[in-house]
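This report covers a set of local features in the model shown below.

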Amino acid sequence: MPTAILTGPPVPGSSIESELRSLGFDVRPASGTADTETLLARVPAADRVAVVDARLVGHRHALRLGLTDPRFPLAAIPGAVTAQPAARRALTRAMARENSASGGTALDVDSLADRIAAALDADGADVHRPELGTLVAAVPAGPQARNEARQAVAAVDEEAVRLKSAVKARDGFVTTFFVSPYSRHLARWCAGRGLTPNQVTTASLGTALVAAGCAATGTRAGYVAAGVLLVGSFVLDCADGQLARYSLQYSTLGAWLDATFDRAKEYAFYAGLALGAARGGDDVWALALGAMVLQACRHVVDFSFSEANADSTAVAIGTSPTAALSHRLDDVGWTVWLRRVIVLPIGERWAIIAVLTAVATPRITFCALLIACAFAAAYTTAGRLLRSLTRRATRTDRAARALADLADSGPLAEAAARRLGTTARRLPALAAPGLALLGGGAVVAAAALTGFGGPWPVAGALVYAAASALAVARPLTGALDWLVPPFFRAAEYGTVLALAAKSDVNGALPAAFGLVAAVAYHHYDTVYRIRGGAGAPPRWLVRTVGGHEGRTLVITVLAVLLTASQFKVALTACAVAVALVVLAESIRFWVAAHRAGAPAVHDEGEPA
């Protein structure tokens, strides 16, 4: 149970103690600095602890933001400071400085909590101070100031502020104007009934799976029901994040579930549409797989560019004319929304899918989705290329490691890269993305343009393996090296799609869909681990599933050695094997991280 140490003499009429208890704190009064230090030492090391000035006047939500957010080891608001177990040592040191006669913190700060926060700052600790906006948190100096503070508290509609803050600060057009106005009220309703964000996330997944089942019936009524249920699933998807922000129920496990279930819902619905179309005599599995490949490649472009530039030395607006223009356009309101629609975030994407599913055919739905996603991909990638070429930046070793992890190189590329390091260092700056593009293009072209069962795809896969090894043989710190992982994803997924289509046997494309979905999950899981600060998946896992070049080579060899019907069975077996290994390790990792008390995260991820 978290403990709040209330310092200073009690104030008649103050509600601070009851406010703290309502937030789940065990409140213990302290008579002075020495008593505060004694009480602090008695609090169990595994518990959160807060030091709060008894004179503090403020909104309950201000206290909630400052003292209960699980994402930050240290946090402070005026009159209060808190530490989670990971930061207790820093708080104890700061407290000891305040209790010593030679404390180095200036004593012109009257509140002990504020002096402790200042001492933490002086020690170089990272103290989070939430943006309170119109919420009040103050330590009045006297009766008149206290009355003014109480009037300021009464003048603000705290619940309205809390509800507004539950909505993501930057969201898509559809979500902002057609979903969030009512989904946040659903989030508040869930909070009032004790539901957790993870439960709402699971409900969203269940609703989407039912929608996929309705689409799989292949009837008009089923398609209409599927469209309506998909909208309902998206509303719940928005509500889970809003519930997390509303009640500050952030967790590592929750962030993983939210991101993972988003992919599962989308892929399941694609499969449902393809099954429904097949019932009507229309085979759209190639379109479904193409939509999944395009969307996955779009996401890896986002992830790679973000990781490459997260801590580069050129982050100021003026370092890139393209970025400067983008920020100037932000001052023109309508352009902001136009660009948010063009990039096709999940809200716009699901709106297209839901509406067209209800009123059109699966083929029309997939074609429209592919066109919209291709346009969005071209727009965002062109902008990032321009930013990368015009920005004078030096990328860090951390960024290079992240890109190498996203590349997902297996044992073949690793072994070759060790022997090609000297050669790679002599290549020009744009060699890495160029090699990835040429090698990927070779294997995809060979798979798509030659007959099934011929040797050319294997030759292309060998060229691809050699080119990919050379591409990653030196650190990926070049201006366009963030393109390497997307090129690898397009090559692997595209090869599987082309070979399955060329086999021209019933069931091959659904099997390929399953294989790409399993491999894509592995790649998304890598991203979530990196973003959560956990690093990449263990090397044994990458080696076990072969790496991108190993899997590509194996699939092309199977296409040569097996008949079309046998190839379908092999694709199915590969899909099941990869899914079992990757899912087992992923679930083990995230559950273990949650149980071990990993720092809570709330990755806003893809704008809704």
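The model is predicted, with local features needing pLDDT of at least 70 and side-chain atom pairs counting only at pLDDT 80 or more, while totals for chains, interfaces and linings use all residues. Residues are numbered from 1 along each chain as its sequence is written, and side-chain values use heavy atoms, leaving out hydrogens and water.

Helix α25 (residues 564-595) has 32 residues; from first to last C-alpha it reaches 46 Å, close to the 46 Å expected at 1.5 Å a residue (1.5 Å times one less than the number of residues). Helices are DSSP runs of H or I with at least four residues, strands are E runs of at least two, and both are numbered from the N terminus. Among the buried residues of α25 are F567, L571, F589 and W590 (buried: under 20% relative accessible area, 1.4 Å probe, protein chains only). Their cover includes α11 (252-279), α21, α22, α23 (539-544) and α24 (547-561).

## Packing of α21 against α22

The axes of α21 (residues 484-503) and α22 (residues 508-531) come within 8 Å and cross at roughly 170° (axes are lines fitted to C-alpha atoms over the stretch in contact, with angles from 0 to 180 degrees between N-to-C directions). The two helices are therefore roughly antiparallel (over 145 degrees). Residues of α21 making the contact include Y493 and L497, and those of α22 include L515 and V519 (contact: heavy atoms within 4.5 Å).

## V27 in strand β2

V27 lies in strand β2 (residues 26-30) and counts as buried because its relative accessibility is 6%. Not counting residues up to four places away in sequence, V27 touches A4, L6, E17, L20 and R21.

Definitions and conventions
Angles under 35 degrees count as roughly parallel, over 145 as roughly antiparallel, 65 to 115 as roughly perpendicular and the rest as oblique. Buried means under 20% relative accessible area, exposed over 50%, partly exposed in between (1.4 Å probe, protein chains only).
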